[in-house]
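Please work through each task before reading its solution.

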Amino acid sequence: MRETKNDRVQDVNNMLEIRDLWKSYGTKTILHGLTMSVKEGRVISLIGPSGSGKTTLLRCINFLEKSDSGSIRIDDLSADLSKVSAAQKMALRRKTAMVFQNYALFLNNSVGQNVMEGLIVSKKMPKEKARAIALDMLDKVGLKSRFESKPFELSGGQQQRVGIARALALNPKVILFDEPTSALDPETVNEILDVIKCVAQSGVTMLIVTHEMMFAYDIATQVIFMDKGEIVEQGEAKELFDAPREERTKQFLLRFNLARDSEYYI
Ligand SMILES: Nc1ncnc2c1ncn2[C@@H]1O[C@H](COP(=O)(O)OP(=O)(O)OP(=O)(O)O)[C@@H](O)[C@H]1O
Ligand SMILES: [Mg+2]
């Protein structure tokens, strides 16, 4: 069942709901009243041309950017984005964690310290407990033995795995990935995609911005296609890729679908 941008999104099974989100930079409107919902445990791929507002949307959800208006609900917390209080913002931020394209690690700190940081600073967790969680999360991404290493001693793929461990350590309800593989060479991409697939199985809700169409197709239960700051179409991954309804989606997916078909027929 496909949803249009004006469908009602109030649903207790939704982990994330956004309604009529507007965001401008100066006089330029970037997000034009986005409405979307994500059910608990689902993996959503967010695709669309460069400049369509994907990163801005993630940053608004994570409160790294201030939205102009709209509303948000994550899990049991909701807020009116035009007048969100500092306390509401902090509580909502704790529900999400972000994985960045360029890893965004503290280069002077060890791998372990990078993963522990959020637990100690924002969750006020005792150091020993934070250390145990960090070791556990690094183990999940295959980097337990690199706890004391500095980021520069790791490959790009390994640094991104640290970024994922850091997000997991916060035990978020929703993980927001912004092009987690685009800074990596093609071989390393698969290493990260495997880790993300593993995380997906743990049942955490994930919103993944990606230009890797095969990955988007493969991992996502649902795909959202954005263009020019609007959600053009959203639906089940297979349905949207195999039979896009909107002309803009068809055009965007044309090259990917042609490549996929020709591979299939070889
Ligand atoms: N801090 C900013 N100040 C002004 N304009 C911005 C800012 N950040 C983004 N924009 C503009 O907002 C629009 C959407 O940018 P955004 O980075 O969200 O796109 P995107 O879909 O993530 O693109 P890409 O696929 O290239 O990463 C672009 O026109 C961009 O120039
Ligand atoms: Mg972007």
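**Exercise 1.** Which residues lie nearest the centre of the second largest pocket, and how many residues line that pocket?

*Solution.* The model is predicted, so local features need pLDDT of at least 70 and side-chain atom pairs count only at pLDDT 80 or more, whereas totals for chains, interfaces and linings use all residues. Residues are numbered from 1 along each chain as its sequence is written, chains are lettered from A and ligands numbered from 1 in the order in which they are written, and side-chain values use heavy atoms, with hydrogens and water left out.

Step 1. A pocket is an open set of points on a 1 Å grid over the protein atoms alone where a 1.4 Å probe fits, with protein on both sides within 12 Å along at least five of seven lines; lining residues have an atom within 4 Å of a point.

Step 2. The lining of the second largest pocket has 13 residues, and Met-137, Lys-140, Leu-168, Val-199 and Ser-202 lie nearest its centre.

Step 3. At least two lining residues come from each of helix H4 (127-140), H5 and helix H6 (186-201); helices here are DSSP runs (H or I, at least four residues) and strands likewise (E, at least two), numbered from the N terminus.

**Exercise 2.** Describe the lining of the largest pocket.

*Solution.* 
Step 1. This lining comprises 21 residues, with Arg-93, Thr-96, Gly-118, Ser-122 and Leu-170 nearest the pocket centre.

Step 2. Two or more lining residues are given by each of helix H2 (86-93), strand E6 (96-99), helix H3 (111-121) and helix H5 (156-169). H3 supplies the largest share, four residues.

Step 3. Domain 1 (7-95 + 174-266) and domain 2 (102-171) each contribute at least three residues to the lining of the largest pocket; these bounds come from an automatic or database domain assignment.

**Exercise 3.** Which residues have the most contacts inside the largest nonpolar core?

*Solution.* 
Step 1. A nonpolar core is a set of buried Ala, Val, Leu, Ile, Met, Phe, Trp, Tyr and Cys residues joined through side-chain atoms within 4.5 Å, where buried means under 20% relative accessible area (1.4 Å probe, protein chains only).

Step 2. Leu-138, Ile-164, Ile-196 and Met-206 have the most contacts inside the largest core, which has 51 residues. H6 gives the most to this core, namely seven residues.

Step 3. Beyond its neighbours within four places in sequence, Leu-138 is in contact (heavy atoms within 4.5 Å) with residues including Val-111, Val-115, Phe-147 and Ala-165.

Step 4. A second, separate core has 29 residues, among them Leu-16, Ile-18, Leu-34 and Leu-81.

Technical notes: Buried < 20%, exposed > 50% of the residue type's maximum accessible area, 1.4 Å probe, protein only.
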